[in-house]
Amino acid sequence: MSTGNCGEWLDELAECVRRGVGPSGRLSAHLSDCARCGERWEAEWVLSAELRELRMARAGQRSRDVWRRRLMAEFAGLERSSSRSRFRWAWIPASAALLAAASVQVWLGMPGRSVPARISVQSEDIASAGLVDTDEDNGFIPVPYALPLATGESVRIVRRELNGAELVRMGIDLPGAYAADLADDFEADVVVGEDELPRAVQLVSYPDL
Amino acid sequence: MEPSDEELYRRIRKGDRQALAELYERREPALYRYALQLSGNQAIAEEAAHEAFLQLIQPDARFDARRGSLQAYLYGVVRNLMRMAYRSQCVGLAGEPAVDDSVVQTLIEGEATRALSIAVRNLPPGYRDAVVLCDLEERSYEDAAKLVGCPVGTIRSRLYRARRLLAAKLRQYRLTPEKVTK
C-alpha cells in the first residue's frame, strides 16, 4: 500500500508532536515504511522535549516591583507635567481676550481712528509635524522610534523603491499578504527630516502577488 | 466582566493610575517572557518590556486601535526593540548575537538546551517569532498571527520550517557539540 511521499507528511508530523499525540493511521503506516520520516519523527520529539526544558528554565520568578514602581512614577510625572501644561494653555484664551480688549480700547482712543491696530501672532511651524501625526489618517506610517522633529524643522517627501526587508528594518510592518516575502519591492513616499533620516512612510504601490 | 485592554488604555489616557497598574499586571509578564525568549538576556528583556509600557503612557503614544489590538502594539514595540538590539550588537559577528547570555548561563543546565536557545535566537526573525510565540509561549496560531500581523497559514508554515531547522541543529549538536555552541 502506498503511503504517499514524505513532503505531504511533514506538517502533520510536526503538528502531532507539538500536540503530544500519536500519529494517525496513514501517517503511522508511512512512518513504519519510511526510515527518513521515522528519524524526523524522533527528531521532532527530541526538539519538543528541549523546547519544554527551555520554556521551564525561563519561567523562573523575578521581582517586577522595581519596574512597576518606576513605571508608575514615570506616569505620575507625566500627569503632573500635563496638568501644568493644561493650566498654561488655559491662560491663552484669557490672554487673547484681554489683548483684544486692550487693542479695541487703544483703537477707540486714537484721534484719527483710520488705521486699525494690527496684532501679529507668531505660530509654530506645525505643517510638517502634521504629516507624522498618527491621530490623522493621512496614510503615512510613522517610523517607530525615529527622533521627533524639532520645532520649525522642515521635511521633504521623496519617492523611493524599497524592498520588504528595508521596510522591516525601518520598523514598518508589511501588509499581511506581503509579510512572507521580504524581497518584494514597494514604491513608497518617505518623509525625511533635515537630518536626512526617515520619519514616516507611505506605501504608494504594491508588488504583484 | 473585566475591562478590555483598549478600555484600560482609554482610562490611562485620562490619567487613571489603577488602569495602568491593571494593564501592567495583565500584560507585562508575557511581554517580558517574549522579550526574554527573543534576546536570551534578562536585563534586555526587562528594559524592553518596561520601554513598551513607557511608550504607551507618553502623551504622543502611537497606539491606534484601528490598526490592531493593544496587545499586538505592545508586542510590536518589543519586537522592534529586539531588532534594534540585534542590529546594534551583531555587527561583524557573522550573525551570532553578541548579547550577554546571562539567563542562558544561569538557568539552562542542559548543554543541548543551551544550544537550542542559541539556535532559536539565530533563526530568521519571522521564524523566531513563530517558535517563541507558538512553542515557547504556547499561544494558539490565531493569537500569534494577530500579534505578528500576518495570516494564520504564514505562522503555521514558518513554525514548521523553523522546527525543521532547529531539529537539524540539535542533530548536528549531538554529532559535534562544540561547533554548535561556539
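**Exercises on the A–B interface and on chain A**

Between chain A and chain B, 13 residue pairs are in polar contact across the interface, with both residues of each pair at pLDDT 80 or more. The model is a predicted one.

**Exercise 1.** Determine which elements of chain A give two or more residues to the side that touches chain B, and which element gives the most.

*Solution.* 
Step 1. The elements that meet this condition are helix 1 (10-19), helix 3 (35-57), helix 4 (65-109), strand 1 (141-142) and helix 5 (164-169) of chain A.
Step 2. Of the elements on this side, helix 3 of chain A gives the most, with eleven residues.
Step 3. By residue class, the side of chain A that touches chain B comprises 24 nonpolar, 17 charged and five polar residues.

**Exercise 2.** Describe the extent of the interface between chain A and chain B, and state how many salt bridges cross it.

*Solution.* 
Step 1. Count the residues on each side: 46 of chain A are in contact with 66 of chain B.
Step 2. Consider the area: the two chains bury about 5100 Å² between them, and carbon and sulfur atoms account for 58% of it.
Step 3. Turn to the charged pairs: five salt bridges are found across the interface of chain A and chain B.
Step 4. Examine the pair Arg55(A) and Glu138(B): their closest N and O atoms are 3.5 Å apart. The cut-off is 4 Å, so this pair of an Arg and a Glu qualifies as a salt bridge.

**Exercise 3.** Is strand 3 of chain A mostly covered or mostly uncovered, and with which strands does it pair?

*Solution.* 
Step 1. Strand 3 spans residues 185-192 of chain A, and six of its eight residues are buried, so that it is mostly covered.
Step 2. Strand 2 (residues 156-163) of chain A pairs with strand 3 in the antiparallel sense over eight bridges. Here Ile157(A) stands opposite Val191(A) of strand 3.
Step 3. Strand 4 (residues 198-205) of chain A also runs antiparallel to strand 3, and six bridges join the two. In this pairing, Val192(A) has Pro198(A) of strand 4 opposite it.
Step 4. The hairpin of strands 3 and 4 of chain A has five residues between the strands, and in this hairpin Glu196(A) takes a positive phi near 70 degrees.

Terms used. Residues numbered from 1 in each chain as written. Chains lettered and ligands numbered in written order. Predicted model: local features only at pLDDT ≥ 70, side-chain atom pairs only at ≥ 80, totals over all residues. Heavy atoms only, no water. Contact = heavy atoms within 4.5 Å. Buried area = accessible area lost by both parts, 1.4 Å probe. Salt bridge = Lys/Arg side-chain N within 4 Å of Asp/Glu carboxyl O. Polar contact = N/O pair within 3.5 Å; in protein donor to acceptor, adjacent residues only side chain to side chain. Helix = DSSP H or I, 4+ residues; strand = E, 2+ residues; numbered from the N terminus. Nonpolar A, V, L, I, M, F, W, Y, C, P; charged D, E, K, R; others polar. Buried < 20%, exposed > 50% of the residue type's maximum accessible area, 1.4 Å probe, protein only. Pairing = 2+ DSSP bridges.
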